[in-house]
Amino acid sequence: MLTKRIIPCLDVKDNRVVKGVNFLNLRDAGDPVELGARYSDTGADELVFLDITATIRSRKTIVELVEKVAEKVFIPFTVGGGIQTVEQIDELLRSGAEKVSVNTAAVQKSDLLAEAAQRFGNQCVVLAIDARRSKASPGRWQVCVKAGSEPTDIDVVQWAVEAEKMGAGEILLTSMDADGTRAGYDNELNKAVTDAVNIPVIASGGAGTLEHLYDAITIGGADAVLMASITHFGNYTIKQMKEYLRDRGIPVNL
Amino acid sequence: MIAVIDYNVGNVRSVCNAFRHIGCDVKLTCEPEIIETAAGVVLPGVAAFGYAVSALGTLAELIKKLALAGRPLLGICVGYQMLFDQSLEYGEHKGLSLVSGNVVPIPAGRVIPHMGWNLVKLPEDMDLFAGLEKEKHFYFAHSFYAYVTDDNAKVAYTDYGFELPASVQKGNVYGTQFHPEKSGPAGLKILQNFALIAERANS
């Protein structure tokens, strides 16, 4: 049986892993290559590296980082942050990434997902969505772009459905409201999206306890759970997470 | 020396990194002269099938010729799918026809792509799995799978609501739908086993 995945997320800024709350107040969490290798050695199923500066200068840095990580990490990893073109996706995949996530560019360029899927296969095209609860219409979420700084009128669930059709092979769904709060994932959001699409969904934002992981899978319907704060700062090991889930009947690779 | 075919698709570097990590002499190459001298050939691939086949171009004939002459060949993911007769991913595309079977969509009614770590039952008589336990988790990421019809091929399966072929072996031709280079220690063991197979075939 396919197991549920535990995915530590490494937000990278100026070659360091950082973590904030609600996308703000960043705190240093270590060297990305070292931290990635440590997670790989201690049982993580996958890693996500997000270049949160995503400037032209950081572009070269992130390719170099991917090359270094790929020499030490023998589990799959996804790279994202500021990716605009199929050529950039190609470069990152060739540097050793297994998957590439796109966010703002997928919203702005309607053919990016389709082009990438036709060339690389949809299994390596991850659509990252930064979702914020809509104040105007309760029970709905709006897509935010440019690292969450720019809200759009696009409905998250509709966007997820459309992106699946265009060629996204997976959705990395981050609740901006829950991100970094450790108060639990937004499982209404997770459930709304997992009910609407047939591709895997990674729940992201808000993990604080082991029960939160369980809830994202059982209530939210997530195929994988992503976390940063609770593992970077030593609250729980990957093994503890997996043992907890296994004991509650969730299939994991332990 | 193991030759990893460099044909302008993703993932090639990871396969080389993994072989280097386990101390193997490995070359990433698209030079026919170098490929001809390799003890074993690895055909990796993260790409859509059609793109991969056209990117491989004339190297396809060389790889097929070497495999038919007994050179150990390992196909990974799309490289594995290319061992078969044809694929239906974004149109109809011909494969290498080294193993009989077709690459078809994973049937609807489950999450697709099949993505993540799944448990593969490892038959004792498949050489790639020597020294591993009876079943192990490996990393999969694919939307199409090879429906194997070759009576002469040994097949290892995983369960994804149906028996999904995860690996084949037909004589000196090996393939894994999953990514051994991204499957932690068990995956590295498979690459090690392939390197040993290649070494033995060459001595």
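In which sense do strand β7 (residues 101-105) of chain B and β10(B) pair, and over how many bridges? The legends below take up this and a few other close-ups of a predicted model.

**View 1. Strands β7 and β10 of chain B run side by side in the antiparallel sense.** Five bridges join β7(B) to β10(B). To find your place in this pairing, look for Val103(B), whose bridge partner in β10(B) is Ala146(B).

**View 2. Four strands of chain B form an open sheet.** Reading across, the order is β6-β5-β7-β10, and the pairing is mixed. Which strands stand at the edges? They are β6 (93-94) and β10 (144-148) of chain B; each has a single partner strand, so one side of each is left without a neighbour in the sheet. Chain B has a mean pLDDT of 94, with 100% of its residues at 70 or more.

**View 3. Helices α6 and α7 of chain A cross at roughly 30°.** Here the axes of α6 (residues 156-166) and α7 (residues 187-196) of chain A come within 9 Å. That angle makes α6(A) roughly parallel to α7(A). The crossing of α6(A) past α7(A) is right-handed. From α6(A), look for Val156(A), Val157(A), Ala160(A) and Val161(A), which meet Ala192(A), Val193(A) and Ala196(A) of α7(A). By class, this contact of α6(A) with α7(A) has seven nonpolar residues, with no polar and no charged ones.

**View 4. Helices α8 and α10 of chain A pack at an angle of about 55°.** The axes of α8 (residues 210-218) and α10 (residues 238-247) of chain A are 10 Å apart. α8(A) and α10(A) are therefore oblique to each other, and α8(A) passes α10(A) in a right-handed crossing. On the α8(A) side you will find Leu210(A), Leu213(A) and Tyr214(A), which meet Gln240(A), Met241(A), Tyr244(A) and Leu245(A) in α10(A). The contact of α8(A) with α10(A) comprises six nonpolar residues and one polar residue, with no charged ones.

**View 5. Chain A meets chain B.** How many residues of each chain are in contact? The contact involves 30 residues of chain A and 35 residues of chain B. On the side of chain A that touches chain B, the elements giving two or more residues are α2 (56-72), α3 (86-95) and α5 (112-120) of chain A. By class, that side of chain A has 12 nonpolar, 10 polar and eight charged residues. The model scores ipTM 0.92 and pTM 0.94.

Terms used: Residues numbered from 1 in each chain as written. Chains lettered and ligands numbered in written order. Predicted model: local features only at pLDDT ≥ 70, side-chain atom pairs only at ≥ 80, totals over all residues. Axes fitted to C-alpha atoms, helices over the stretch in contact; angles between N-to-C directions. Parallel < 35°, antiparallel > 145°, perpendicular 65-115°, else oblique. Left-handed = near helix turned anticlockwise from the far one by under 90°. Contact = placed C-beta atoms within 7 Å. Nonpolar A, V, L, I, M, F, W, Y, C, P; charged D, E, K, R; others polar. Pairing = 2+ DSSP bridges. pLDDT = per-residue confidence, 0-100.
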